[in-house]
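Please keep the sequence and the coordinates in view while reading.

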Amino acid sequence: MEKSYHRKVLIKKHLNEEYYEVMREDFRDVCTYLEKKGGILRLMFATDERQINGTFRLYVVFSVPGKDAFSIIVLPLKDDLTYPSLTVNIPAAHWYEREIKDMFGLFPVRHPDTRRLVFHDPFPADSHPLRKDWKISDEDLKTWGEVSAIKSPSDFLQVEGEGIYEIPVGPVHAGIIEPGHFRFSAVGETIFFLEPRLFYTHKGTEKHFEGMSFSQGVKLAERVSGTSSFSHATAYCLAVERMCGAEITEKAQAVRTLLLELERLYNHIGDIGNICAGTGLALGYAKGAVIKERLMQLNDRLTGSRYLRGVNIVGGVAKDIFRHTEDIMKTIDAVTHEYKDLMKFLLGTVSHIERLENTGVLSGEIARKMGVTGVAARASGINDDVRKAHAHLLYDRLYFEPHTQARGDVYARMMVRAAEAECSISMINTLLESSYKGELSVAVDKAPAYSCSLGYTETPRGSVFYWVMSDEQGKPVRVKLRSPSFCNWPVVPFAVHGNIVPDFPLCNKSFNLSYSGCDM
Amino acid sequence: MISNMIKQILKNITGKKNVIEVPDKLKILPDEEHLTDLINGIDRIFGRSLRIRQVDAGSCNACEWECTALVNPIYDIQRFGIDFVASPRHADMLLVTGPVSRQMELALKKTYLATPEPRIVLACGDCAVDSGVYKGSYAVTNGVANVIPVDFYIPGCPPTPLQILAGLKQLMEKLSSRK
């Protein structure tokens, strides 16, 4: 008899994406098998295709190990809106399933934690915004905004025992940072358990995409997460271009690759500086901030935006960055010099390094199981970089290796950033040496009805994925975005367990996660 | 050496100079007059110290990084007597960014009420002005003014540190004429 984990039917093949349809009873077996074989769960989402084929559909996207390919498991749900939860076997699916429950009302059976994720308590029950026929009354909207998000007695997980006390923090924090609520259960100074409550900045981004055309959507993608503006817009544009079958020119690819690396560079150096703020090393913080500012001003001169906005368009880019080659080279030279100076200073400051070592340790096993991505994954020994695993743009021509560290502490995350920053500098210099053919952008045809595609790239924080689907008129049916912060937030509690409360900002800064990117 | 230092300190305390000299490299506004206006305004209206509480009400984090940049050694906003504080209870002004997501609405109102009067509210960035690119989404309230009273606006996506500084300077002018 055929094993249940092989029972899947290839329904569609598009570029490096293979879509397999499965039956409800085989869903968990098939996905678990793929994960066991080394597939990485990249994203999981649902669509409301009731107007097209009468079903809701679940999509689970895995990277095929060692190959530039994606296996996408599709599960149609018609009358029974429940499905077997994957979380039991694949913990990385935890937040995705809770998100799908909130946004679509599809229920994961046997999920260990079925509380709401995205919406706070005052949001009306049985209301699922990403359903096509969803409506909300003005009165419900008013209640949603005005009623307290935290119930009393609260629905946070409780830790009981002698000497345990709770510290509630946020959503409005002390620094100039984004909002989120943290509930610490501490024993003396030691954090025993932390539960974050996020999604305060939920802006309904995915639903908002559906009301725009694909070309307008670039502007929104740029504003999902401020410091990853360019990566988000690139992943979004790549998804739309792949869906429409457009081939962008070598020149456009070069501009995108160059700006992706510039974005990585200013983020990594800024983050290394910010870690100093966590240890109270004012000089290191100031030096990092100055280098970052120089790079931001370079961004401004190149593109007219300090956050590299307004460059990406569907079909290519709007600005030719290679006109400024000399300026880039000069600035990067100066920055390299200052940056090396900063690293020498940091690594020679024992009091700083001692605070970083063995702080906020994230074990490789937890990182792998929870599907951590980006710097945090590589600092815990996971050799995964979308630039390498699924080479896109000009990354197949550039020589680089993902840098990994084994220890998974704050120090490891800082050193991964340091290595990647140097790697970015050399990539930028290499890219500037050649000249590239072609126009800046090409015309993009309307997408075939109900076609869909993935788009992805590596942001400074980790991989970002977009999945887009078009209707008959070439308008978006569904835009799914998965930012790296959504994968990494669930592991922050593991990393801070056993650390002291005053080290929480340090641990948090070493991950440098975006609230807005996670909350969408 | 030490006597020199003491002399310098005494000079600083007793001297009449209330405009801090800005080294050439750090000159950031087009003309000196702008700086003088800003500093005079803060000196006169706020008794030489303007304390700002920044509140993120659903921004994408770009506006926050621009506020953070104001504190870096290049802009060094603290030399004008301006600083960002950790609690609304210490603040003269709230600087609000983001379109005010529904899930932040209550927190923003509470922060506003925790700020001592007379309080000034500055909506910073396109989202805070009219929710910018997020206009019409179910999860935002279409701008800060729909939630708490707003006194001043600085548009931009995000406004650069220089634009925020220029905005603060204009704000001083408006406050002076109000008095």
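**Chain B, the interface and a hairpin**

Of the 179 residues of chain B, 47% count as buried, a residue being buried if 20 or more other C-beta atoms, placed from the backbone, lie within 10 Å of its own. This is a predicted model, in which local features need pLDDT of at least 70 and side-chain atom pairs count only at pLDDT 80 or more, while totals for chains, interfaces and linings use all residues. Residues are numbered from 1 along each chain as its sequence is written, and chains are lettered from A and ligands numbered from 1 in the order in which they are written.

Chain B contains 6 helices and 5 strands, taken as DSSP runs (H or I, at least four residues, for helices; E, at least two, for strands) and numbered from the N terminus. Their order along the sequence is α-α-β-α-β-β-α-β-α-β-α.

Between the chains, 40 residues of chain A are in contact with 37 residues of chain B, contact meaning C-beta atoms, placed from the backbone, within 7 Å. On the chain A side, α4 (138–146), α5 (205–210), α6 (214–221) and α9 (282–303) each supply at least two residues.

Elsewhere in chain A, strand β14 (residues 463–470) runs antiparallel to β15(A), joined by 6 bridges; strands pair if DSSP finds at least two bridges between them. A:Tyr466 stands opposite A:Leu481 in β15(A). The two strands form a hairpin with 5 residues between them, and A:Gly474 in the turn has a positive phi of about 80°. Strand β15 of chain A, residues 476–482, is mostly covered, with 6 of its 7 residues buried.

Note on methods. A residue is buried if 20 or more other C-beta atoms lie within 10 Å of its own, exposed if 12 or fewer, and partly exposed in between; C-beta atoms are placed from the backbone. Two residues are in contact if their C-beta atoms, placed from the backbone, lie within 7 Å.
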